[in-house]
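Please take a moment to look over the structure below before reading on. The paragraphs that follow lead through some of its helices, loops and charged pairs.

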Amino acid sequence: MQWQRALRKTESEKAAPSGSPGESSSDKLWASLSERYQNTFDIKLDPEAQNEWVEDAKARVPLAQSMGGRVGLHIEDPDNSPFVQEVILQAVFRTENALGLPNEVAYTKTLTNEERVIYEAQIFTEHFLDIYVERSVHSHDHMRSDSPEYPGRLQFVRRALVGKPGEKFFSGVVRVAEAFFRNEETSYKPGFWKMVERSLPLIPDAFLNSFRIARVLPYALLFGYPVSYYVWQIHLPFILYAVLVASGGVHMMIVEFNNRIMKNFNIKPMNDVASKLIYAWIHSRGTNLPAGAIQVTADRAVEAYDTHVVQPAQRAIDSAVIQPAREIIGRCRGLLGASAEKP
């Protein structure tokens with residue numbers, strides 16, 4: 001559905017009349033991009049191939065921009081953004097490599113010319129969005145997080161603040177608010193659940209991390225607790241150990257929130273002492289919250305666990321196993337004693 005809407009929007013923009021001013025400068029830009037592409041990847045194109053490269057790239061970029069808007073990214077025009085220009089070069093290179101694979105060549109031969117153009121544009125768009133996020137969210141080398149082009153849930157607010165009074169202060173407030181939302185490569189994919197992931201604050205972090213914890217929870221309770229108790233001599237009640245392990249998803253949610261705070265303010269935690277102190281202060285205050293909540297309720301939790309789980313289980317085992325076993329042993333002893341008394 002999102003692909004279809006993006007395609008319709010691209011087609012309608014193509015059909016809209018465009019003015020002639022700036023056309024020559026745009027042509028020069030795309031010609032220079034073609035030259036940069038050849039120099040960057042050491043590829044030689046003849047004049048006809050260069051024209052084809054330019055036409056293909058110019059046709060594919062609007063779909064990438066339209067699809068980016070559908071998944072929460074605002075992508076500038078190449079004329080206004082050196083960053084987008086570099087992403088285009090990388091995306092074209094990856095797209096050509098992908099389409100050159102034997103199975104892709106065989107598949108595209110089965111498509112009509114129109115279907116092939118749309119399919120190739122979709123492949124380009126997927127690579128474009130992946131590279132855009134790689135070079136922005138996952139790297140400080142290509143884009144700073146205070147750039148209006150930096151991805152984020154409230155990117156549109158940061159863009160609206162550019163040039164306004166108090167821009168620095170209010171954009172900082174917005175970047176703090178954005179840290180509550182996931183900002184990963186998975187956040188900018190088509191689909192309903194990906195939209196939920198990038199739209200809800202903290203909940204997706206807690207859910208995804210709790211799901212990972214749940215996969216190792218049986219092993220932690222069966223093997224981790226005895227090792228902790230008997231080897232490391234950490235004599236926690238079982239229920240407290242289970243709650244601490246199970247709440248690890250909340251702990252990791254706070255860690256990821258702190259990591260996004262650091263990224264959103266261009267702070268590298270291990271870069272210098274000041275950055276380490278900032279990261280450690282937020283980390284300690286944040287991660288102490290769930291641990292503190294567990295400590296406050298620890299006595300009541302242990303008491304409730306003993307009352308409602310341990311004691312009923314002991315009574316059930318006693319009545320179902322221990323008492324019948326005692327009766328059987330007593331009868332066996334009686335039989336053995338009786339047989340021993342016979343001459």
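Leaving aside its neighbours within four places in sequence, which residues is Gln65 in contact with? With contact meaning heavy atoms within 4.5 Å, the partners of Gln65 are Ile75, Glu76, Asp77 and Pro78. This is a predicted model, in which local features need pLDDT of at least 70 and side-chain atom pairs count only at pLDDT 80 or more, while totals for chains, interfaces and linings use all residues. Residues are numbered from 1 along each chain as its sequence is written, and side-chain values use heavy atoms, with hydrogens and water left out.

Gln65 belongs to helix α3, residues 47-70, where helices are DSSP runs of H or I with at least four residues, numbered from the N terminus. In the loop between α2 (23-41) and α3 sits Asp42, whose phi is near 55°, a positive value in a residue other than glycine. Asp42 counts as exposed, at 66% relative accessibility; here exposed means over 50% relative accessible area, buried under 20%, and partly exposed in between, with a 1.4 Å probe and protein chains only.

Helix α3 also meets helix α6 (residues 113-136), and their axes come within 9 Å and cross at roughly 55°. Such axes are lines fitted to C-alpha atoms, for helices over the stretch in contact, and the angles run from 0 to 180 degrees between N-to-C directions. The angle makes α3 oblique to α6, since angles under 35 degrees count as roughly parallel, over 145 as roughly antiparallel, 65 to 115 as roughly perpendicular and the rest as oblique. Among the residues making the contact are Val61 and Leu63 of α3 and Phe124 and Phe128 of α6.

Turning to charge, side chains of opposite charge can pair when their charged atoms come close. The structure holds 15 salt bridges, each being a side-chain nitrogen of Lys or Arg within 4 Å of a carboxyl oxygen of Asp or Glu. One of them joins Arg182 to Glu197, with the closest N and O atoms 3.1 Å apart. Because Arg182 lies in the loop between α8 (167-178) and α9 (192-199) and Glu197 in helix α9, this pair ties together parts that are 15 residues apart in sequence. Arg182 also meets Glu256 in a salt bridge of 3.2 Å, N to O; Glu256 lies in helix α12, so that pair ties together parts 74 residues apart in sequence. Both Glu256 and Arg182 are buried, and salt bridges that share partners join Arg182, Lys194, Glu197, Asp205, Glu256 and Arg260 into one network.

Terms used:
Helix = DSSP H or I, 4+ residues; strand = E, 2+ residues; numbered from the N terminus.
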